[in-house]
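Here are my notes on the model, as numbered points. Please read them beside the sequence and the coordinates.

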Amino acid sequence: LVVVLSEREISAGIVEACRQGDRDAFRALYETYKDKVYSITLYFFHGDSSTAADATQQVFLKLLRNMAQFRGDSEFSTWLYRFVVNTCLDWTRRKSAREIPADLRPFAASYSQEQDFARAQTGESVQAALSALPPKFRMPVLLRYFEGLSYGEMGRALNCSTGTVASRLNRAHKILAKKLAGLKYV
Amino acid sequence: MFDDLKNLPVRKAPDSVWSEIESSLDRPRSRSTGFSLCLAAAAALAAIAFFVYRYEADKPRWQVVRLDGAPSIGASKMGDSGRIAEGQWLETDSTSRAQISVGEIGTVQVEPNTRVRLVAARPQEHRLSLAKGEISAVVNAPPRLFFVDTTASTAVDLGCAYTMKVDDSGSGLLQVTLGWVALEWNGRESMVPAGASCRTRPKIGPGTPYFDDAPAELKDALSSFDFSVTKADPLDTILPAARARDTLTLWHLLSRTQRSDRDRVLDRMLALAPLPEGVTRAQILSLDRKALDQWKDQLVFKW
């Protein structure tokens, strides 16, 4: 039996149970966050599903390994995002030679036939532009718009000041706007 | 543009991710996955052991089981099993080994040529004294319930598994395989995480902890820094050799160096890891405890 909890239900009890080695509790926590973590890593790694799956696996293993360090003085999700950020950026540094793929086409479009083709095309352009951002700008954009984090939460996840967060987002907006010139936004 | 970013579809993680995680948890001992497995197993055991510990506190503790040869308790050779009382010594020769049950909270394996004494067997204090030899402890209990005294330090269990060796001169080596151990002696403290080790010396206390996979030159120079007087400055070797993970070592060195050297240590650390938001260089250089702890809490992610 796999229990799926809402993020609100990730209580201190679940975290404590994970800390005590309760695998069911860890599975429940994994089920709650896996798609979000996978999606961030997928968008971060240009739609490379294999790398995203490996990175997601690493995030959760690191999370389990460091569960004892979580002291509950911040949101659990913020703490989790730090692992996501560190894993993605570490991965990028290690594989810097392969960081920017030659092909920046948007990945696996998920739009159904019923959906508007123009909208799908626009979404794909946004994904491609996102993929082309340097990692230090790409991650703030994902946390801000895909995850909806506040500047404060982003600062804690990215381990930088809110001023730095704002500055990186501003730079990212400019790059995205330039890349997407000609589409409806500009 | 922002709407499209906000509306990026959530992708479903493949089922294979959990399968991989699960098999990693079950896989014996590669470095990182072994750690996770041990952590999960130890934590589960901790929960069980602590439950038993709380409800069966009155039961006799400190059972000893013979593993090899003929260990002795006090002046008597023991049979297949025995009990050790406060103040008694357990001794093994070159062919014998034994295992002590540390109350209900863990076990200590006593290797050959070891002499160890039971100092305290109380619910809030489980304490051994290791005079010489080697013991391996696995403790599944809340922190600071199990202690091992040597002539050069006290190892304070913070929920962990570790090996402690002491040679005939009283010099020691702690190697942590799971969790954390604090080595304390006369106000000096070294925090040692899994995968790291720390040497100890009589009259000096615990040295500076280092990761076992740290560069050899760093470890050698660290030994000189901690326990020798040399013409060459060990920091000249330690600092350039340090990797991001070795901020464990550098963080400890901050409080073990004079001001001018502390500047150098801090500069190297800053090249490897940024200060937390709100923490200043001046606070670190003045060894502000809160600031140091804040930084350590952040650096732990690299350790």
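At roughly what angle do the axes of helix α6 and helix α9 of chain B cross?

1. In this predicted model, local features need pLDDT of at least 70, side-chain atom pairs count only at pLDDT 80 or more, and totals for chains, interfaces and linings use all residues. Residues are numbered from 1 along each chain as its sequence is written, chains are lettered from A in the order in which they are written, and side-chain values use heavy atoms, without hydrogens and water.

2. The axes of α6(B) (residues 247–254) and α9(B) (residues 289–299) cross at roughly 175° and come within 11 Å. Axes here are lines fitted to C-alpha atoms, for helices over the stretch in contact, with angles from 0 to 180 degrees between N-to-C directions. The two helices are therefore roughly antiparallel (over 145 degrees; under 35 is roughly parallel, 65 to 115 roughly perpendicular, the rest oblique). On the α6(B) side the contact (heavy atoms within 4.5 Å) is made by T247(B), W251(B) and L254(B), and on the α9(B) side by R289(B), L292(B), D293(B), W295(B), K296(B) and L299(B). By class, this contact has five nonpolar, one polar and three charged residues. Ala, Val, Leu, Ile, Met, Phe, Trp, Tyr, Cys and Pro count as nonpolar, Asp, Glu, Lys and Arg as charged, and the others, Gly among them, as polar.

3. In chain A, α6(A) (residues 135–146) and α8(A) (residues 162–179) have axes that come within 9 Å and cross at roughly 95°, so this pair is roughly perpendicular. Residues of α6(A) in the contact include F137(A), V141(A) and Y145(A), which meet a set in α8(A) that includes L169(A), A172(A) and L176(A). The class count is eight nonpolar, one polar and four charged residues.

4. Chain A has eight helices and zero strands, while chain B has nine helices and 16 strands. Both element types are DSSP runs numbered from the N terminus: helices are H or I with at least four residues, strands E with at least two.

5. Buried residues (under 20% relative accessible area, 1.4 Å probe, protein chains only; exposed is over 50%, partly exposed in between) make up 48% of the 186 residues of chain A and 51% of the 303 residues of chain B. Of the contacts with a separation of 6 or more, residues 24 or more positions apart account for 64% in chain A and 44% in chain B.

6. There are zero disulfides over all chains, a disulfide being a pair of cysteine sulfur atoms within 2.5 Å. C18(A) is buried at 2% relative accessible area, and C160(A) is buried at 11%.
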